[in-house]
Amino acid sequence: MKALTYHGAHDVRVDDRPDPVLAAPGDVLLRVTATAICGSDLHLYRGKVPGMESGDILGHEFMGIVEEVGRDVTRFKPGDRIVVPFTIACGQCFFCDRELYAACETTNPDRGAIVNRKSIRSGAGMFGYTHLYGGYAGGQAEYVRVPHADAGPIAIPDGLPDERVLFLSDILPTGYQAVLNAQVPPGGSLAIFGAGPVGLMSAACARLMGVERIFMIDHHAYRLDFARNAYGVETIDFDEDDDPAHTILDRTLGRGVDASIDAVGFEAKGSALETAMTQLKLEGASGKVLRQAIACTRRGGTVSIAGVYAGFVHGFLIGDAFDKGLSLRMGQTHVQKYLPELLERVAVGDLRPEEIITHRLPLSRAEEGYKVFDRKQEDCRKVVLVP
């Protein structure tokens, strides 16, 4: 089969790879019909995440047609069309029983990314996301093996095109969980840092949940323009306004917003000092977005962190968060928990996640898609690949 493989920082290639086979009774083999490049994939593409090996197959946002099922699979049969969550959950462990699927303690044989790990078990494995998370082959390929199929994917009814439902695999549930974690009261206010795919899905879900006032902070004008037109947000370009939190406080009577969402993560644009420290691996990420989020959120509010972080962060103002009585909520998305509700919302047209797509390419042009998305060329918001 053809698959997009990793060969080093900024070096991905469409190669010939062996077709996957069933490896366990709970597996299904999927013929991929659509897959997407996620912002998290760019962390790998840039060589920022350890644990990638040459030849690893990338991709964790994908869907397709079931070709073959293991003997223990009861929910699907060949010919079914399914969307697959990016996290791999067994459905039966301590955490899965509590619908904390991203914490599944059985699907990741590797160490995970926790620095002070001690004896804690790893969280869930992930498709196409390094040998910290199980080394599973990803879905930017013609075929993929899907473990624990009865616990993860969701069947898609006829009449819904791939592009309408593809983002159920990651960014739509991630944006939805980010807003749920933010706990914005009815008619309340929210600041979203980052107008990438997760930030845009957060804005769409916030509108759906009745958030009245949304600030969106980014430094790509075309992304801010889209967010303003699509979701009615108030935009702040941090290349023009280097202290968005101050601006938000000015516009909210000095109190701040009810909650904020960090949809950027560890590659946030920081100061020259922080950039140098991350390059020298003296810290894991810039803390600028976190500091801004803490600063612009009202007392008693919530900071919801959807962007990926690992390791430690310089200048994390825990004292400010304590003084303001903030709640901090964060973590990988429990995709399986939200799939039925979100599929229904998409089916009736309450959510239209496909509207963020700007680039549609065959899998054979995946390398080009990564370059365009990484460099923010051609006003790229989201790339979908079709094998």
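The model is predicted, so local features need pLDDT of at least 70 and side-chain atom pairs count only at pLDDT 80 or more, while totals for chains, interfaces and linings use all residues. Residues are numbered from 1 along each chain as its sequence is written, and side-chain values use heavy atoms, with hydrogens and water left out.

Cysteines to begin with. A disulfide here is a pair of cysteine sulfur atoms within 2.5 Å, and by that rule the count is zero. Cys93 is in no disulfide, and the nearest cysteine sulfur, that of Cys96, lies 3.7 Å away.

Next, burial. Buried means under 20% relative accessible area, exposed over 50%, and partly exposed in between, with a 1.4 Å probe and protein chains only. Cys93 counts as buried because its relative accessibility is 8%. Cys104 is at 0%, so this residue is buried as well.

Now Asp162. This residue sits in helix α2, residues 162-165; helices are DSSP runs of H or I, at least four residues, and strands are runs of E, at least two, numbered from the N terminus. Asp162 counts as buried because its relative accessibility is 19%. Leaving out residues up to four places away in sequence, Asp162 touches Thr33, Ala34, Met63 and Arg81, where contact means heavy atoms within 4.5 Å.

Last, helix α8, residues 288-296. Its buried residues are Val289, Leu290, Gln292, Ala293, Ile294 and Cys296. What do they pack against? The partners are β10 (189-193), α6 (244-251), β13 (257-262), β14 (297-305) and α9 (318-324).
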